[in-house]
Amino acid sequence: MEYNQRMGDGRLVSMTKDAIREDIEAGAADAADRAKIPTLSDDDMERLLDIMITQGKTVSVDVGNEVVMTTDMGHSVINGNYSECGGSGVSVGITAANQIIERCMGADSVGVQWYDYTYKSIKAVITQQQQELESILLNTTCPCCFGSMPNLGAYYKPDGPFENVGDMMAEGKITEGMEVYEQAAEAAIEDVFWVTQQVDKIGIDNINIDTAGAAGDGDLLASLKSAELIKKNTGISVEMGMANEFVLGIHGGMEYAGERLAGMYAHKLVKVAEKAGVDIFGPVCNTNTRMSTPWNVARAVTFLKECSRVSTIPLHANMGMGVGGIPMVENPSLDAVTKASKAMVEIGGADGI
Amino acid sequence: MKQDSLEKIKLIVLENNTAGAEEILSDALECGLEPVDIIENGLSLGMKQVGDLFERGDLFLPQVMMAAALMTKCVDFLKDKMPEEEKDKKTIKVVIGTVEGDVHDIGKNIVKVLLSVNGFEVHDVGRDALTKKFIDKAIEIDADIVASSALMTGTMLVMEDIEAALKEAGIRDKVKTIIGGAPVTEYYADKIGANAYAENASEAVNEAMNMIAK
């Protein structure tokens with residue numbers, strides 16, 4: 001007998017149970033090898049197999065295993081552009097969009113995300129953001145979040161004041177490039193904290209430092225130091241979501257709390273996040289588009305399980321297009337999304353998504 | 001003995017052995033290894049491993065750049081020892097860039113470095129590069145390969161424009177195309193008629209090398 005499965009690029013394929021089991025074992029082993037963590041137990045793999053061979057359009061967690069959802073999408077799910085924001089393109093204002101996701105879709109958080117999704121660019125439109133947040137707070141019930149990316153890439157010319165570090169290193173200016181990278185990180189910290197102070201005035205509940213580490217170890221350092229500042233100076237809770245399953249070493253020597261950040265995987269990232277005062281951590285696992293969803297989900301669950309074992313703070317796994325085992329397509333299929341989500345919660349130990 | 005020599009040569013770049021490089025290379029030449037063999041089966045394999053380790057988070061960009069610089073020095077050292085016909089061997093020319101509307105270039109820059117140290121002549125049209133820039137550069141340098149990168153689903157669509165523009169310019173049959181970036185898939189590459197898809201930088205180099213071999 002063969003079972004419908006998805007590939008990492010979203011294609012529907014048929015696989016035998018043995019082939020699915022083999023992919024689960026291989027995916028888990030790949031994660032274990034890369035992050036130097038335990039692979040999944042036989043029991044976990046059998047449970048994952050049971051989830052993957054389910055043929056319904058959707059699966060769900062068992063009653064009692066429900067988790068909360070925080071989001072970096074918020075209103076964008078409703079009124080955002082389809083292609084870039086993964087939205088539905090429904091022409092409603094931000095407040096109404098948040099009411100829809102809260103009341104009609106059961107979201108556990110609402111909020112605002114500026115379309116030019118970097119803290120640096122938000123500075124120019126902060127008063128508009130404050131106005132939107134105020135309206136959302138007055139018209140919704142669940143926690144209100146504000147999120148964006150530190151995105152060190154936005155600090156390089158022509159968008160920012162610094163030379164492109166990648167170009168500098170390619171020209172052999174390695175030491176100079178590392179110095180510029182350190183300066184860019186400091187600039188990002190200033191911006192993240194300043195923006196947070198502005199939205200704190202409105203009374204939001206949570207700041208989401210999203211895609212931490214997207215531009216490498218300096219980007220992550222900026223995220224951690226920003227979290228530290230926010231926790232020391234405001235009453236806002238901090239969620240930090242990663243960009244990649246490990247931290248790219250653009251500098252290689254950047255440390256936080258005595259730990260080198262480059263090369264870190266989720267189970268070590270969560271520990272530095274804890275030290276920075278982060279309240280919710282969002283680990284990431286990148287989807288391999290050439291491999292099956294069973295392979296990808298097994299891999300994601302393996303990373304998450306070890307992270308969950310060592311973490312003392314809630315983990316809200318990043319799940320979406322191309323992450324968390326979900327196929328890399330703009331509209332991932334319900335079957336793939338729900339199977340991955342169930343696995344991440346019930347086997348991986350996610351506290352939220 | 002040949003295999004031992006090649007392993008030592010591989011380690012030159014892996015361990016950034018700047019001080020010992022020339023001696024190891026000289027010893028290998030004295031043992032009868034040809035310069036091309038040393039480059040292709042020693043140094044290049046070492047660089048490939050450097051790229052793989054970087055993509056697993058075990059090595060970092062400064063180390064990759066230092067390895068690339070050392071590789072270049074080693075190749076320059078060996079060029080003098082090559083037979084004339086090998087020196088005149090055609091260099092494969094690559095145009096690379098991030099497509100119009102997209103400013104992400106970390107991955108593209110890593111591909112550029114790895115291609116360069118593997119003997120490709122790389123011409124970078126930068127990020128947010130107009131399609132016309134890709135085509136004009138490909139014509140100007142008589143490119144063999146056009147490589148494009150995109151990190152967003154919206155900008156990925158420009159890759160199809162590049163395919164069309166190459167056809168319109170009458171050079172599509174002369175060049176091979178490679179595409180890559182987070183939202184890009186092999187399925188998309190097949191759909192738009194690109195010659196190859198690369199999941200990561202190391203794969204981009206492998207695909208480019210496979211293109212030469214064919």
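A: Start with burial: a residue is buried if 20 or more other C-beta atoms, placed from the backbone, lie within 10 Å of its own, exposed if 12 or fewer, and partly exposed in between. In chain B, 49% of the 214 residues are buried. This is a predicted model, in which local features need pLDDT of at least 70, side-chain atom pairs count only at pLDDT 80 or more, and totals for chains, interfaces and linings use all residues. Residues are numbered from 1 along each chain as its sequence is written, while chains are lettered from A and ligands numbered from 1 in the order in which they are written.

Q: What pLDDT does chain B average?
A: The pLDDT is the predictor's confidence in each residue, from 0 to 100. Chain B averages 90, and 97% of its residues score at least 70. For the complex, the predictor gives an ipTM of 0.85 and a pTM of 0.92.

Q: How many helices and strands does chain B have?
A: Helices (H or I, at least four residues) and strands (E, at least two) are DSSP runs, numbered from the N terminus. Chain B has 11 helices and five strands. Its radius of gyration, taken over C-alpha atoms, is 18 Å, close to the 17 Å of the globule rule (2.2 Å times the number of residues to the power 0.38), so chain B is as compact as a globular protein of that length.

Q: In what order do the strands of chain B form a sheet?
A: Two strands pair if DSSP finds at least two bridges between them. The order in chain B is β2-β1-β3-β4-β5, an open sheet with parallel pairing. Strands β2 (121-124) and β5 (196-198) of chain B each have a single partner strand, so one side of each is left without a neighbour in the sheet. Strand β4 (residues 176-180) of chain B pairs with β5(B) over three bridges, and I178(B) has A196(B) as its bridge partner.

Q: Which strands does helix α7 of chain B lie across?
A: Contact means that the C-beta atoms of two residues, placed from the backbone, lie within 7 Å. Angles run from 0 to 180 degrees between N-to-C directions, with axes fitted to C-alpha atoms, for helices over the stretch in contact. Helix α7 (residues 131-141) of chain B lies across β1 (93-98), β2 and β3 (145-149) of chain B, at about 165° to β1(B).

Q: How many residues does each chain bring to the contact?
A: Chain A gives 28 residues and chain B gives 26. On the chain A side, α8(A) supplies the largest share, four residues. The chain A side divides into 10 nonpolar, 10 polar and eight charged residues. Here Ala, Val, Leu, Ile, Met, Phe, Trp, Tyr, Cys and Pro count as nonpolar, Asp, Glu, Lys and Arg as charged, and the others, Gly among them, as polar.

Q: Where is the cis peptide bond, and which residues have a positive phi?
A: Most residues other than glycine have a negative phi, and most peptide bonds are trans. The bond from K157(A) to P158(A) is cis, with omega near 5°. N151(A) has a positive phi of about 45°, and A257(A) has one of about 50°.

Q: Is N151(A) buried or exposed, and what of A257(A)?
A: N151(A) is buried, with 25 other C-beta atoms within 10 Å. A257(A) is exposed, with 12. N151(A) is in the loop between β4 and α8 of chain A, and A257(A) is in the loop between β7 (255-256) and β8 (259-260) of chain A.
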